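Please look at the helix packing before reading on.

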Amino acid sequence: MNRPALPFSSWLNSSAHQAWLSAEGRRLLAFARASRMAQGFAALDAAGRLPPAARAELIHTTRMTHCFAMAHIQGVPGHGELVDHGIAALAGALRDAEFGGWYALADVPGDKSAYLHAFVALAASSACVAQRPGAQRLLDEALQVIERHFWCEEQGALRESLSRDWQAEEAYRGANSNMHATEAFLALADVTGDVLWLRRALRIAGRLIHVHAAASGHRVIEHFDQAWQPLPDYNADNRADPFRPYGSTPGHSFEWARLLLHLEAALRRAGLEVPSWLLSDARGLFDSACRHAWAVDGAPGLVYSLDWDRRPVARARLHWVHAEAIAAAAALLGRTGEPQYEGWYRCFWDFCETHFIDRHHGSWHHELDSNNRPAASIWPGKPDLYHAYQALLLPRLPLAPSLATALAAM
């Protein structure tokens, strides 16, 4: 299927907009370089400094390594060595040399989560595309850990978390970890050439989106028991948790909408059967999130979470939610050419420029309160490059192959 022609006035066809995206990406990269420390990468404060108690964390090390690899692939000087630093950290203080897998915090033994290990696989795959030393060894190990400990063939999805020695398993299944596994599996299919990863991504998406979300008005059900039965009251007493919030999370609806379109394009590119629900569910997720999360409390912006009656729970505006909304709008616009997605794409970018992008201290504010003032109740500081940087890259790329591979082909 040919990509449809975009509306004549689309920003995606504008050289000025493309230049703006590129310049903003370089600005984010310059800010993020300060996150480097001896054992990996750590979270920065709102001014772009490492706090006195900063520690190298797996989430930041993997995401920074992935983003710096994409910068290196694009030919932005000075980032190859940062990728190498990330690879060394993932082979050093963040790696469990005794039991395998990776720690959440450098040199702090603990449980192993599917969410974080999906990012190890993503970082390793991007580093392989960047042709950095040690990347293939890291990728091979990440694949082995996923195969041996996290992938459940019977259920067609990932287990959530296990004890350090892999003997005890958490009685929980999560949509968030499996969503990021879907993202990683798309990249793994490109890097390994094995369509097994596409088939697995489709099984995950089928369960979480075409079965559960579609039956719930295209709201992503986030929390499940081990038998994949929904847990609607999960974290009712911790409603604004940064990783497992109560209720539905519109940001994940946007993220899933985009991933469904990447999966559709990847299946078609591989010559595999393409289910029609990938596009229809992507539309449904995006439309539902816009309708129920945008300006629902009277102020512009997307709220963080909703209850099961679609009322706002956490009214904070998080930068990652808006970054994913941008990327999803661009994906649907590129896929369909329909002007409604152009309107949302411009709306989200205008909101980010007005409220999130920090021209004084750098990077983006990670959180705003319900009046769109900088806040820090859920996400203090500016630790995350990943969501904003990808939102700047995705509108410039085809839906398949995945990010790093697409950048290498430019």
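1. This is a predicted model. Begin with helix α9 (residues 277-293) and helix α10 (residues 319-336), which pack at an angle of about 140°. Their axes lie 11 Å apart. An angle over 145 degrees would count as roughly antiparallel, so α9 is oblique to α10. The crossing of α9 and α10 is left-handed.

2. On the α9 side, this contact is made by Leu-279, Ala-282, Arg-283 and Phe-286. Helix α10 contributes Ala-325, Ala-328, Ala-329, Leu-332, Arg-335 and Thr-336. By type, the residues of the contact of α9 with α10 are seven nonpolar, one polar and two charged.

3. The second pair is helix α6 (residues 175-192) and helix α7 (residues 196-215). These two pack with their axes 8 Å apart, at an angle of about 160°. Because of that angle, α6 is roughly antiparallel to α7. The crossing of α6 and α7 is left-handed.

4. Which residues make the contact between α6 and α7? From α6 come Ala-175, Asn-178, Ala-181, Thr-182, Phe-185, Leu-186, Leu-188, Ala-189 and Thr-192. From α7 come Trp-197, Leu-198, Arg-200, Ala-201, Ile-204 and Leu-208. The residues of the contact of α6 with α7 comprise eleven nonpolar, three polar and one charged.

5. To recap the directions, α9 is oblique to α10, while α6 is roughly antiparallel to α7. When checking the model by eye, view each pair along its contact.

Key:
Residues are numbered from 1 along each chain as its sequence is written. This is a predicted model: local features need pLDDT of at least 70, side-chain atom pairs count only at pLDDT 80 or more; totals for chains, interfaces and linings use all residues. Side-chain values use heavy atoms; hydrogens and water are left out. Axes are lines fitted to C-alpha atoms, for helices over the stretch in contact, and angles run from 0 to 180 degrees between N-to-C directions. Helices (H or I, at least four residues) and strands (E, at least two) are DSSP runs, numbered from the N terminus. Angles under 35 degrees count as roughly parallel, over 145 as roughly antiparallel, 65 to 115 as roughly perpendicular and the rest as oblique. A crossing is left-handed if the near helix is turned anticlockwise from the far one by less than a right angle, and right-handed if clockwise. Contact means heavy atoms within 4.5 Å. Ala, Val, Leu, Ile, Met, Phe, Trp, Tyr, Cys and Pro count as nonpolar, Asp, Glu, Lys and Arg as charged, and the others, Gly among them, as polar.
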